[in-house]
Amino acid sequence: MRLTITMAALAWMIATVPGLAQGLPATEAARRAALIAALPADAAKRVFGLITQPSATPPRSIGSYAKGCIAGAAPLPQEGETWQVMRPARNRFWGHPALIAVIERIAASLPAGWPGLLVGDIGQPRGGPMVTGHASHQIGLDADIWFTPMPEQRLSLSDRDNLPAKSIVTADGNDVDPAVWGPPYHQLIEAVARAPELARMFVNPAIKRRLCREVATSPGADRAWLAKVRPWWGHDDHFHIRINCPPGQPLCQAQEPVPPGDGCGKELDWWFTDEGRHPKPGPPEKPLLVSQLPPECAAVATAP
């Protein structure tokens, strides 16, 4: 089974999302500008959100995935034979060269049923916290990959900025959409989860549960790769990959290893409880300042 998507189908997707065809990049840019203007001058989101180019230094991932920055980031080229960068107007296609190499390798060795990757946000030119969209993606080691397969015909720049990502989870959040899900989705997720550099992959809990159920129907099947596939809120239209700190990066703070087991037991059931589905919001947080990031990040922000 090979997934294909035509330009006619893409045009329908754009037309059925109100306002999308009228310029999502302009709307998002205006929203970002308003949010940045409301932040203190030394807010990390403001400082790193206004930087448009990486530092001209050797690559260094500094701090933790959700509190740090990156020096010497590299861009994922806008297009490759088996990938295209989505939302290029956001300028979030920057990462550590090790992550860029992993994405390119995954795209070059996709399962037979998956035609190519649509790559979403990676990180800002110098990482750091973003004004919109992510808590992590700060040190150049995280990337989002859409569940929409790359279409047969190349997407235009306008398409890539305006095409909506499509959920593959049912409206009640209990399962994957049977009209969309098929073996290529399972094969893609499994192939990516087996990448040796991968620390974690985040997917919607319904997707994790579907994977667990499908593996359970194959007695004797290797289940080890499921451990790195972690349930998380959202992630119904894309999956999020996170690689380990690359060698020679002493300022990169590694994440705790995944817990033992395949993650298909009671810990997965929790995500479908009322507590898991409706977490209580915490108090509003004060804007994080550059001075509260690892000290090296202040120099990264001002480096040429």
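**Notes on aromatic residues, a buried strand and salt bridges**

1. Trp-94 counts as buried, at 8% relative accessibility. In this note, buried means under 20% relative accessible area, exposed means over 50%, and partly exposed lies in between (1.4 Å probe, protein chains only). Phe-93 is buried as well, with a relative accessible area of 13%. The model is predicted, and local features need pLDDT of at least 70, side-chain atom pairs count only at pLDDT 80 or more, and totals for chains, interfaces and linings use all residues. Residues are numbered from 1 along each chain as its sequence is written, and side-chain values use heavy atoms, with hydrogens and water left out.

2. A search of the whole structure finds 11 aromatic pairs. One of them joins Phe-93 and Trp-94: the ring centres are 5.5 Å apart and the planes lie at 25°, so the pair is stacked. Rings of Phe, Tyr and Trp (its six-membered ring) pair if their centres lie within 6.5 Å; planes under 30 degrees apart count as stacked, over 60 as edge-to-face and the rest as tilted.

3. How are the rings of Trp-232 and Trp-233 arranged, stacked or edge-to-face? This aromatic pair is edge-to-face, with 4.9 Å from centre to centre and 70° between the planes. Trp-232 is partly exposed at 40% relative accessibility, and Trp-233 is partly exposed at 34%.

4. Trp-270 is partly exposed, with a relative accessible area of 31%, and lies in the loop between helix H8 (266-269) and helix H9 (274-277). Helices (H or I, at least four residues) and strands (E, at least two) are DSSP runs, numbered from the N terminus.

5. One aromatic cluster is formed by Trp-114, Phe-147, Trp-181, Tyr-185 and Phe-239. Arginine side chains also lie over aromatic rings: Arg-209 is over the face of Phe-272, 3.6 Å from the ring centre, and Arg-242 is over the face of Tyr-65, at 4.5 Å. A charge sits over a ring if NZ of Lys or CZ of Arg is within 6 Å of the ring centre and within 35 degrees of the ring normal.

6. Why is strand S8 (residues 142-146) described as largely enclosed by the rest of the structure? The reason is that 5 of its 5 residues are buried. In a regular strand the side chains alternate between the two faces of the sheet. In S8, Asp-142, Asp-144 and Trp-146 point one way, while Ala-143 and Ile-145 point the other way. S8 pairs with strand S11 (residues 238-243) in the antiparallel sense over 5 bridges; two strands pair if DSSP finds at least two bridges between them. Within this pairing, Asp-144 stands opposite His-240 in S11.

7. A search of the whole structure finds 11 salt bridges. A salt bridge is a side-chain nitrogen of Lys or Arg within 4 Å of a carboxyl oxygen of Asp or Glu. One of them joins Arg-90 and Glu-28 (2.8 Å, N to O). Arg-90 lies in the loop between strand S5 (83-85) and strand S6 (94-95) and Glu-28 in helix H2 (residues 24-37), so the pair ties together parts that are 62 residues apart in sequence. Arg-90 is partly exposed at 30% relative accessibility, whereas Glu-28 is buried at 15%.

8. Arg-90 also forms a salt bridge with Asp-121, the closest N and O atoms being 3.0 Å apart. Asp-121 is buried, with a relative accessible area of 5%. Glu-28, Arg-90, Arg-92 and Asp-121 are linked in a network of salt bridges.

9. Arg-223 forms a salt bridge with Asp-262, with 2.7 Å between the closest N and O atoms. The pair links distant parts of the chain, 39 residues apart: Arg-223 is in the loop between H7 and S10, and Asp-262 in the loop between S11 and H8.
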